[in-house]
Amino acid sequence: MKLTALLLAILPTLIAAECFTGGELWDRSLGPPAVNRACRALAGDYRRGQSKLKKLGQQNGQCYVFELTRIASGSDANLRRITEDECKNGMNKELFGCDRGGKSSYTNWSY
């Protein structure tokens, strides 16, 4: 019963999710500091359809690419702010949900 209620609460906000099938497996232990740095740079105001990208090189030679897009639909053309915490929440889902990274879209944001 609780699981069903949880899924019903989460599913309406999730539009699409996919894990990448190509590329290197990444070292998840390096991910949280990279997410923190990326979200410091990506937090702020976005117009509908606006994307920002942050690339971070790691000591192991890998490059992490973080992209954030505001995907709100309809007539909402006003600026919308994303906080560092909201950014981290979305980016960490990709970090821990996919071995090679991935992409998820929710009501207002694509990570």
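Contact here means that heavy atoms lie within 4.5 Å, and residues 24 or more positions apart account for 68% of the contacts in the protein with a separation of 6 or more. The structure is a predicted model, in which local features need pLDDT of at least 70 and side-chain atom pairs count only at pLDDT 80 or more, whereas totals for chains, interfaces and linings use all residues. Residues are numbered from 1 along each chain as its sequence is written, and side-chain values use heavy atoms, with hydrogens and water left out.

Three helices and seven strands are present in the protein, where helices (H or I, at least four residues) and strands (E, at least two) are DSSP runs numbered from the N terminus. Read from the N terminus on, these elements follow the order α-β-α-β-β-β-β-α-β-β. Of the 111 residues in the protein, 31% are buried, a term that denotes under 20% relative accessible area, with exposed meaning over 50% and partly exposed the range in between (1.4 Å probe, protein chains only).

In soluble globular proteins, nonpolar side chains tend to be buried together. A nonpolar core is taken as a set of buried Ala, Val, Leu, Ile, Met, Phe, Trp, Tyr and Cys residues joined through side-chain atoms within 4.5 Å. The largest such core comprises 18 residues, of which Leu 42, Phe 66, Leu 68, Ile 82, Cys 87, Met 91 and Tyr 111 touch the most other members. At least two residues of this core come from each of α2 (31-42), β4 (63-70) and α3 (84-97), and α2 gives the most, with five residues. When neighbours within four places in sequence are set aside, Cys 87 is in contact with Cys 39, Leu 42, Leu 68, Ile 82 and Tyr 111.

Tyr 111 is also touched by Glu 86, as are Arg 81 and Trp 109, not counting residues up to four places away in sequence. Glu 86 lies in helix α3 and is partly exposed, with a relative accessible area of 31%. Glu 86 and Trp 109 are separated by 23 residues in sequence and by 9.8 Å in space, C-alpha to C-alpha.

One salt bridge is found in the structure, defined as a side-chain nitrogen of Lys or Arg within 4 Å of a carboxyl oxygen of Asp or Glu. This salt bridge joins the side chains of Arg 81 and Asp 45 (3.2 Å, N to O), and the pair links distant parts of the chain, with Arg 81 in strand β5 (residues 80-82) and Asp 45 in strand β2 (residues 44-46), 36 residues apart. Arg 81 counts as exposed because its relative accessibility is 55%, whereas Asp 45, at 31%, counts as partly exposed.

On a 1 Å grid over the protein atoms alone, a pocket is an open set of points where a 1.4 Å probe fits, with protein on both sides within 12 Å along at least five of seven lines, and lining residues have an atom within 4 Å of a point. The largest pocket is lined by 21 residues, with Phe 20, Val 65, Phe 66, Gly 101 and Gly 102 nearest its centre. Two or more lining residues are given by each of β4, α3 and β6 (102-106), and β4 gives the most, with seven residues.
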